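Here is a briefing on one protein model.

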Amino acid sequence: MTKPRYRCLRGYTIDPGFSTRLDTMIINESIYKIKWEDLQPGPIGEYIEVIDFDPVNFCFYDPVVLDSKEVLAINGLKPSEGEAKFHQQFVYAIIMQTIENFEKALGRKIIWRSSLKWKNGKSDETQEYVHKLRVYPHAMMDANAFYTSEKVALLFGYFQAANTIQGSNFPGGAVFTCLSPDIVAHETTHAILDSMHPRYMENTNPDVPAFHEAFADIVALLQRFGNTPLLEHQIQQTRGRLDEYSVMGELATQFGQALETGRGALRSAIGGYDKKTGKWKKTDPNPAAYQNTFEAHDRGAILVATIFEAFMRLYNFRVQDLLRIATQGSGILPQGSIHPDLVKRLAAEASDISLHLLSICIRAIDYCPPIDITFGDYLQALITADTDLSPEDNNGYRVALIDAFRAWGIFPERKKTLSERSLLWSAPEFQDRKDKATNLMIEFIKEDVRKISRLTDRQEIAVEYKELQRRLHQLLVSPVVAARKQWAASKLTKKDWDLFLNKIGIEKNSKPYSIIYNGEKLEFAASPKIEVHNVKHAFRLGRENRQLEQVIISLTQTHRVENGEYKGFKFRSGCTMVVNLLNNEMNVEYIIRKRFDKDKRLLRQADYQLGIGASTTMPISSYDDPRDSFTLNFQNLHLH
């Protein structure tokens, strides 16, 4: 018998509290269509394992059996704040929805990051393949939820709401973070981003923690627009004005209202309540905010607002014709409710824009440098990734993004204009197909990449990725040993190979490198090790039905100060290589580098991490892992 394509599971559309409000009760229960997979009680599937242990009450809650006939017959358990089995069902549904959106945009299966072993307070080189992300719906009694890279797990807390009446909360009642689709999607995104760029856990500049938070919010926010009944309801309420107050631009509303501060939504992309007047006010783009805001959530909110600004510009542009038709050319809607047919058409446009924008935002992660990301880097990644897949851009997505980033004062470094062409990552200096070193590397990995592209089992894919990373590392370090026959045939010299490595951002310094910082000589060791972080295959389909097959390679190096007051200080360099596969040929299209020999970046990181940079100094006590003061700790970060 053929298995179903989807599993339908009921769940909350926004937050549980909206089910107790007359105006939102009819739209706060949704049916989530999740790709079918056979499940064990938990649920435990291919990607995640829900473990419902409550350390406060020291008990395991009975696991939900989603494959039972009784549950399948009713599209999953009915939403209930007081039923642990529904909590398990709900986190499974939102996590799997998020994973599906990532896999669709990236064109490959999600592989969780390998788990690290710790010895004497330090991470060991030993890494283990992690098949399933562990999920704990009732991990603690705390107003918090977070992803931990050490355990490769999501931990959701629950807490007692404030005794004041705020929003839809029951004063003193229980609030479960695992029942907020925004929070679950947010934490899942942290886990996926960590699997793609593990070095983004290193707090090297103010944008790094802010980007982790912002990107997770962007995914949660844009996913919400895929819910048609909710979108139509909110468009009806706002008469098509999505830039006015609505739940579409808010994240974790009930969670924020339940806190003692009664702050309203945890975060909002379009506005907030004025402290003086108590009234909601739209946030207008502020080009000075990025230069003067450094707290991770506040800084991240700028990027979220930027993406939402791009969404609103696209929405307003795309619905102009509909409004002209509906108003006989004036474009100004009369007083009263708008026609249901117009609501459906406006909602269809908004949903289409949000899903395309979500795909662009996710796909851009493959075009980001492997370390030390900035918001300006992300803008270039967005433009390059979308140009690769949709060269024509007839609907103006890239123009809207550029316009929004400009409005919020976010610009990439070393650029003189904001044209699409100037924002593309540069093509490699060795784009000539006759370049011997490039051809040697491509021929060395080509067959392995083809083999991986035919695999479907995630563990097999992960094992083959690791083996390819090992072989590529050996080639980069010692090409004569790794590819003896190809090396001899290529007639390359060691000087040729070192020049190739330099062009892709890998340093082969035989002598220590030094620079003066704060009156102290920072001397870095010679010939730092090369690390091959990722080799990933991707098959993508764009808006214009353009197909693209690619290999994404991430390389890094770690440079350490050997002595003096700042002994042990780390500075990383590296690159992301985007290789296109066309007609059985492979061609390096982009090399996105963060070079070691850029003193400005080095000094800026030293200022930030070592405490010399005044307002931009890293807030170590708030955000970082006590075992490594420069590693993000989401448990601490989410408390602020």
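The count of salt bridges comes to 38, where a salt bridge is a side-chain nitrogen of Lys or Arg within 4 Å of a carboxyl oxygen of Asp or Glu. This is a predicted model: local features need pLDDT of at least 70, side-chain atom pairs count only at pLDDT 80 or more, and totals for chains, interfaces and linings use all residues. Residues are numbered from 1 along each chain as its sequence is written, and side-chain values use heavy atoms, with hydrogens and water left out.

**Salt bridges**

- Arg-10 pairs with Glu-29, with the closest N and O atoms 3.6 Å apart.
- Arg-10 lies in strand β1 (residues 6-12) and Glu-29 in strand β2, so this pair ties together parts that are 19 residues apart in sequence. Helices (H or I, at least four residues) and strands (E, at least two) are DSSP runs, numbered from the N terminus.
- Arg-10 counts as buried at 16% relative accessibility, whereas Glu-29 is partly exposed at 34%. Buried means under 20% relative accessible area, exposed over 50%, and partly exposed in between (1.4 Å probe, protein chains only).
- Asp-403 forms a salt bridge with Arg-313, and their closest N and O atoms are 2.6 Å apart.
- Asp-403 sits in helix α12 (residues 397-407) and Arg-313 in helix α8 (residues 296-318), so the pair ties together parts that are 90 residues apart in sequence.
- Asp-403 is partly exposed, with a relative accessible area of 25%. Arg-313 is partly exposed too, with 28%.
- Glu-549 bridges to Arg-450, the closest N and O atoms being 3.3 Å apart.
- Glu-549 belongs to strand β19 (residues 547-560) and Arg-450 to helix α14 (residues 436-453), so parts 99 residues apart in sequence are tied together by the pair.
- Glu-549 counts as buried at 17% relative accessibility, and Arg-450 counts as buried at 18%.
- A network of salt bridges links Arg-363, Asp-386, Asp-393, Arg-398 and Glu-420.

**Surface charge**

- Arg-5, Lys-33, Lys-35 and Lys-109 gather in a patch of positive charge on the surface.
- A patch is made of residues with over 30% relative accessible area and no salt bridge; like charges are joined within 9 Å, and nonpolar side chains (Val, Leu, Ile, Met, Phe, Trp, Tyr) within 5 Å.
- Lys and Arg count as positive and Asp and Glu as negative, while His and the chain ends are not counted. The place of a charge is NZ of Lys, CZ of Arg, CG of Asp or CD of Glu.
- Lys-35 is in strand β2 (residues 29-35).

**Overall fold**

- The protein has 21 helices and 23 strands.
- Of its 640 residues, 56% count as buried.
- Among contacts with a separation of 6 or more, 66% come from residues 24 or more positions apart. Contact means heavy atoms within 4.5 Å.
- The protein exposes about 28200 Å², and carbon and sulfur atoms supply 50% of it. Accessible areas come from the Shrake-Rupley method with a 1.4 Å probe; for residues, only the protein chains shown count as cover.

**Backbone features**

- Gly-42 and Pro-43 are joined by a cis peptide bond, with omega about 0°. Pro-43 is in the loop between β2 and β3 (48-50).
- Asp-393, a member of the salt-bridge network, has a positive phi near 50° and is not a glycine.
- Asp-393 is in the loop between α11 and α12, and it is buried, with a relative accessible area of 8%.
- Lys-491 has a positive phi of about 60°, although it is not a glycine.
- Lys-491 is in the loop between α17 (484-490) and α18 (494-503). Lys-491 is exposed, with a relative accessible area of 67%.

**Two further loop residues**

- Thr-374 is in the loop between α10 (340-363) and α11 (375-389). Thr-374 counts as buried at 18% relative accessibility.
- Leaving out residues up to four places away in sequence, Thr-374 touches Asn-205, Asp-207 and Lys-594.
- Asn-545 is in the loop between β18 (530-541) and β19. Asn-545 counts as exposed at 62% relative accessibility.
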